[in-house]
Amino acid sequence: MSKKILIIAGDFVEDYELMVPFQCLKMLGHTVDVICPDKKAGEQIKTAIHDFEGDQTYTEKPGHNFTLNASFDEIDEASYDALFIPGGRAPEYIRLNQRVLEIVKHFDAKNKPIGSVCHGIQVLVAAGIIKGRTCSSYPACSPDVNINGGTWVDVGFEAAHVDGNLVSAAAWPAHPELLAKFNELL
């Protein structure tokens, strides 16, 4: 059964963490709208490619341009069945947008599926919805989860974790499990 999914992203979102869920969820027959604060359908955001090359953290390289297919100011979150927040650098600044936080709180209050990968957890933390929950994220975000009343779980980089309506993972290598579990929640 086809569902309507909202993805909130921004400039320098991690390329795979936006592109792969967008394409896979559409391939499964779902309608997927991608929005960015202060941008309209047809405008583009830049992505960044984060890779694991043996350094102490990921490396970052320019990614693709992604054309948004929905306008941020026209979104009615009540018309969507699920929310997905990709990682990269975008979460650190889109979480400052009060409308983004309202949208996240709506999905949580209605117990609709919420997917988060990597630094996407920063948006969920800012919205105040992780208290009392267990979730995964990029390990560098674990203090944010724990300090704000959540419990960070280390499931590695190829697994995902489900707690109620929330499915989360550390990074894009977990996409097969993350997207399968997200689709199950749908």
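This is a predicted model: local features need pLDDT of at least 70, side-chain atom pairs count only at pLDDT 80 or more; totals for chains, interfaces and linings use all residues.
Biologist: What percentage of the 186 residues of the chain count as buried?

Modeller: Residues are numbered from 1 along each chain as its sequence is written, and side-chain values use heavy atoms, leaving out hydrogens and water. Buried means under 20% relative accessible area, exposed over 50%, and partly exposed in between, with a 1.4 Å probe and protein chains only. Counted that way, the buried share of the chain is 52%.

Biologist: How many helices and strands does the chain have?

Modeller: Helices (H or I, at least four residues) and strands (E, at least two) are DSSP runs, numbered from the N terminus. For this chain, the count is six helices and eleven strands.

Biologist: What is the radius of gyration of the chain?

Modeller: This value is taken over C-alpha atoms, and the globule rule is 2.2 Å times the number of residues to the power 0.38. For 186 residues the rule gives 16 Å, and the chain's own value is close to that, so the chain is as compact as a globular protein of that length. The radius of gyration is 15 Å.

Biologist: Which residue caps the N-terminal end of H1?

Modeller: Look for a polar contact, a pair of N or O atoms within 3.5 Å; within protein, one must be able to donate a hydrogen and the other to accept it, and residues adjacent in sequence count only if both atoms are side-chain atoms. Here a side-chain oxygen lies 2.7 Å from the backbone nitrogen of Tyr16. That oxygen belongs to Glu14.

Biologist: Which residue forms a stacked aromatic pair with Phe52?

Modeller: Rings of Phe, Tyr and Trp (its six-membered ring) pair if their centres lie within 6.5 Å; planes under 30 degrees apart count as stacked, over 60 as edge-to-face and the rest as tilted. A search of the whole structure finds eight aromatic pairs. In the one with Phe52, the rings are 6.5 Å centre to centre, with 25° between the planes. The partner, 86 residues away in the loop between strand E8 and helix H5, is Tyr138.

Biologist: Is Tyr138 buried or exposed?

Modeller: Phe52 has a relative accessible area of 33%, so it is partly exposed. Tyr138 has 8%, so this residue is buried.

Biologist: Which residue forms an edge-to-face pair with Tyr138?

Modeller: The two rings are 5.3 Å centre to centre, with 75° between their planes. The partner lies in the loop between E4 and E5, so the pair ties together parts that are 80 residues apart in sequence. It is Tyr58.

Biologist: Which residue has its backbone oxygen 2.7 Å from a polar side-chain atom of Asn165?

Modeller: Asn165 sits in the loop between strands E10 and E11, and its 5% relative accessibility means that it counts as buried. The backbone oxygen contacting its side chain comes from Lys112.
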